[in-house]
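My plan is to look things up one topic at a time and write down what I find.

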Amino acid sequence: MNENKKIPYKIYLEEHEMPTQWYNVRADMKNKPAPLLNPGTGKPMTVEELSGVFCTELAKQELDDTTAYFDIPEEILNFYKMYRPAPLVRAYHLERKLQTPAKIYYKFEGNNTSGSHKLNSAIAQAYYAKNQGLKGVTTETGAGQWGTALSMACAFLELDCQVYMVKVSYEQKPFRREVMRTYGANVTPSPSNTTEVGRKILAEFPGTNGSLGCAISEAVEAATSQEGYRYVLGSVLSQVLLHQSIIGLEAKAALDKYDVTPDIIIGCAGGGSNLGGLISPFMGEKLRGEKDYQFIAVEPASCPSLTRGKYAYDFCDTGAICPLAKMYTLGSSFMPSPNHAGGLRYHGMSSVLSQLYDDGLMEARSVEQTSVFEAAEQFAKVEGILPAPESSHAIRVAIDEALKCKETGEEKTILFGLTGTGYFDMYAYEKFNNGEMGDYIPTDEEIAASLSKLPKVNG
């Protein structure tokens with residue numbers, strides 16, 4: 001049995017221990033994620049319909065829930081080799097500081113200019129756009145990591161890149177914005193007056209700080225109103241989780257090499273790209289009955305889609321122009337407070353992760369912002385990396401679990417995803433250090449008001 005366990009990884013590991021295939025966890029799911037629905041007809045989206053918004057090859061990946069492995073094109077592999085394989089690090093100093101018997105590992109995705117894991121999917125989506133002969137792509141970004149990654153990928157492949165950046169992040173993170181512009185991207189704060197849906201949102205929510213849902217609506221409109229453009233998304237979609245599986249595949253290969261098996265696997269959760277990518281191969285083993293793991297999704301208490309949302313069909317965007325996805329959602333009209341983890345300010349969760357959560361295969365926790373930054377600074381002081389606010393949600397719960405081991409004496413092995421660095425998030429760190437950071441938690445009434453506007457769909 002041990003021999004069989006190792007065989008698949010020998011197939012797609014190169015001499016540098018970087019995967020040459022992406023893994024599609026949906027192939028091993030008994031309960032498949034519910035299909036995307038056409039909001040006009042209420043019927044499942046087809047490749048042809050999705051191809052009007054996404055690149056054709058990406059539309060095919062989005063709807064394929066049976067193919068377990070996809071070959072990574074050579075051009076993408078060559079790009080990956082600039083910064084992959086990414087390091088898997090044992091957090092010895094954090095363990096000592098906590099005086100815990102737990103072993104703590106983190107998969108660090110910040111070793112590229114974008115500062116995060118987002119580049120793994122950005123280069124893939126830009127590649128398929130270029131291969132299709134498109135002029136450019138449009139997208140949204142929250143904290144700016146995805147927009148930065150896509151601007152890098154588009155510059156490398158000589159594609160036009162138009163980014164709608166959530167207004168609060170646009171204002172809080174000017175240097176992230178300038179990195180995008182340095183790579184040639186056009187960056188617009190969202191919601192804006194440049195699109196019809198942006199103007200509608202501004203009229204309905206005057207003075208809003210924006211949200212990922214707003215920015216998605218604007219980016220989709222921009223893509224569909226310009227010839228030779230398609231929309232690309234940095235999280236939520238199944239195609240993105242597929243590309244990000246390289247994180248988990250590398251982590252598993254490194255752990256297998258040293259006969260290390262994690263007990264607990266933790267990731268921050270906004271739309272689901274990082275968490276889904278990290279847990280995919282481990283979840284595959286759990287789904288096939290080969291091993292068991294504890295998976296923990298960590299989300300901000302200010303935007304708690306898994307822990308306080310409803311599992312239902314909803315629009316992926318605030319403007320209600322995207323396909324309907326069945327997911328844990330707070331409602332597409334939910335406007336999160338302007339917390340400093342911009343990449344987690346999304347009203348819903350990946351359909352894949354939502355299905356796994358609903359099936360009881362993973363758990364979720366919400367954590368407050370000040371607690372997250374306390375963990376971030378504790379980690380930075382002993383491990384030498386200033387973490388992104390998003391990543392720090394995973395650090396918070398990893399520390400909590402390690403302290404539980406200290407109390408019980410259990411020697412558990414913890415793996416978490418360090419999605420990126422926080423060097424462009426100094427405004428947030430400044431607020432925390434000055435004691436000016438608060439913890440906003442939406443009321444039940446606010447969430448109920450948003451959920452009351454869910455579209456009426458059977459399923």
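My entries follow, grouped by topic.

**Entry 1: the model**

I note at the start that this is a predicted model.

**Entry 2: nonpolar cores**

I looked up the largest nonpolar core, and it has 69 residues. Which of its members touch the most others? I found Trp22, Tyr80 and Met362. As background, nonpolar side chains in soluble globular proteins tend to be buried together.

I listed the contacts of Tyr80, leaving out residues up to four places away in sequence.

**Entry 3: helix α6**

Next I checked how α6 is placed. Of its 13 residues, 11 are buried, so α6 is largely enclosed by the rest of the structure. I wrote down the buried ones: Leu119, Asn120, Ser121, Ala122, Ile123, Ala124, Gln125, Ala126, Tyr127, Tyr128 and Ala129. What do they pack against? I get strands β1 (21–23) and β5 (136–141), plus helices α3 (56–63), α4, α7 and α12 (238–257).

I also tested the length of α6. At 1.5 Å a residue, its 13 residues should span 18 Å. The end C-alpha atoms are 18 Å apart, so the two values agree. Gly133 follows α6, and its phi is positive, near 80°.

**Entry 4: aromatic rings**

I counted ring pairs next, and the structure holds 15 aromatic pairs. I picked out Phe79 and Phe156, which pair edge-to-face. Their centres are 4.9 Å apart, with 75° between the planes. An angle over 60 degrees is what makes the pair edge-to-face. This pair links distant parts of the chain, as its two residues are 77 residues apart. Phe79 is in helix α4 (residues 74–80), and Phe156 is in helix α7 (residues 145–157). Is Phe79 buried or exposed? Its relative accessibility is 3%, so Phe79 counts as buried. Phe79 and Phe156 form one aromatic cluster with Tyr80 and Tyr83.

I also looked for charges over rings. The charged end of Arg177 sits over the ring of Tyr170, 4.5 Å from the ring centre. The charged end of Lys326 sits over the ring of Tyr311, at 4.8 Å from the centre.

**Entry 5: cysteines**

How many disulfides does the structure hold? I find 0. Cys322 is in no disulfide, and the nearest cysteine sulfur, that of Cys316, is 6.0 Å away. A disulfide needs the sulfur atoms within 2.5 Å. Cys322 has a relative accessible area of 7%, so I log it as buried. Cys405 is at 2% relative accessibility and counts as buried too.

**Entry 6: Lys32**

I found Lys32 in the loop between β1 and α2 (47–50). Its relative accessible area is 29%, so Lys32 is partly exposed. What is Lys32 in contact with, leaving aside neighbours within four places in sequence? I list Arg26, Ala27, Asp65 and Gln355. I also took the distance from Lys32 to Gly207, which is 175 residues away along the chain. Their C-alpha atoms are separated by 40 Å.

**Entry 7: backbone checks**

Most residues other than glycine have a negative phi, and most peptide bonds are trans. I went looking for exceptions.

The peptide bond from Arg84 to Pro85 is cis, with omega near 0°. Pro85 lies in the loop between α4 and β3 (88–90). Another cis peptide bond joins Ser190 and Pro191, with omega about 5°. I place Pro191 in the loop between β7 (186–190) and α10 (196–204).

Glu158 has a positive phi, near 60°. Its place is in the loop between α7 and β6 (160–166). Is Glu158 buried or exposed? At 68% relative accessibility, it counts as exposed. Asp259 also has a positive phi, near 55°. It lies in the loop between α12 and β9 (264–268). Asp259 is at 67% relative accessibility, so I log it as exposed.

Notes. Residues numbered from 1 in each chain as written. Predicted model: local features only at pLDDT ≥ 70, side-chain atom pairs only at ≥ 80, totals over all residues. Heavy atoms only, no water. Phe/Tyr/Trp six-rings, centres within 6.5 Å; stacked < 30°, edge-to-face > 60°. Helix = DSSP H or I, 4+ residues; strand = E, 2+ residues; numbered from the N terminus. Buried < 20%, exposed > 50% of the residue type's maximum accessible area, 1.4 Å probe, protein only. Lys NZ or Arg CZ within 6 Å of the ring centre and 35° of its normal. Core = buried A, V, L, I, M, F, W, Y, C linked by side-chain atoms within 4.5 Å. Contact = heavy atoms within 4.5 Å. Expected span 1.5 Å × (residues − 1).
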